[in-house]
Amino acid sequence: MNMTSGRGSRSLVALWAALRIVLGVIALAKPRLASRIWVGPDAARGLTPVVLGRAAGGRDVALGVGAVA
């Protein structure tokens, strides 16, 4: 794939955007898992990891959708 071509660049951006959307949806659905992976095992306690995981998930979904648009 020629990375300087418009088609190749668009395909790569679309793939990257889809990956961000998928990871964001996973973080929204399983915020404790996302927080544990990102911060470590101590992040599994309390409400903070839920907020952190959902915020990161929402950000990734928004960035992915924005890249597709």
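What percentage of the 69 residues of the protein chain count as buried? In this predicted model, 22% of the residues of the protein chain count as buried.

**Overall architecture**

The protein chain contains three helices and zero strands. Read from the N terminus, its elements follow the order α-α-α. Helix 1 spans residues 6-29, helix 2 spans residues 31-39, and helix 3 spans residues 48-68. Of the contacts in the protein chain that link residues at least 6 apart in sequence, 51% are between residues at least 24 apart.

**Confidence of the prediction**

For the protein chain, the mean pLDDT is 86, and a value of 70 or more is reached by 88% of the residues. When the elements are compared, the lowest mean pLDDT, 84, belongs to helix 2, while the highest, 93, belongs to helix 3.

**The surface**

One feature of the surface is a nonpolar patch formed by Trp16, Leu19, Val22, Leu23 and Ile26. Together, these residues have about 500 Å² of accessible area. Leucine 19, by contrast, counts as partly exposed, because its relative accessibility is 42%. Tryptophan 16 may also be related to the other end of the sequence: 52 residues separate it from valine 68 along the chain, and the C-alpha atoms of the two residues are 9.4 Å apart.

**A buried serine**

Is serine 35 buried or exposed? Serine 35, a residue of helix 2, counts as buried because its relative accessibility is 0%, and the cut-off for burial is under 20%. The side chain of serine 35 also has a polar contact: it reaches the backbone oxygen of proline 49 at a distance of 2.6 Å.

**Summary of accessibility**

| Residue | Relative accessibility | Class |
|---|---|---|
| Leucine 19 | 42% | partly exposed |
| Serine 35 | 0% | buried |

Note on methods. Residues numbered from 1 in each chain as written. Predicted model: local features only at pLDDT ≥ 70, side-chain atom pairs only at ≥ 80, totals over all residues. Heavy atoms only, no water. Helix = DSSP H or I, 4+ residues; strand = E, 2+ residues; numbered from the N terminus. Buried < 20%, exposed > 50% of the residue type's maximum accessible area, 1.4 Å probe, protein only. Contact = heavy atoms within 4.5 Å. Patch = residues over 30% accessible without salt bridge, like charges linked within 9 Å, V, L, I, M, F, W, Y side chains within 5 Å. Areas by Shrake-Rupley, 256 points an atom, 1.4 Å probe, with all protein chains shown as cover. Salt bridge = Lys/Arg side-chain N within 4 Å of Asp/Glu carboxyl O. Polar contact = N/O pair within 3.5 Å; in protein donor to acceptor, adjacent residues only side chain to side chain. pLDDT = per-residue confidence, 0-100.
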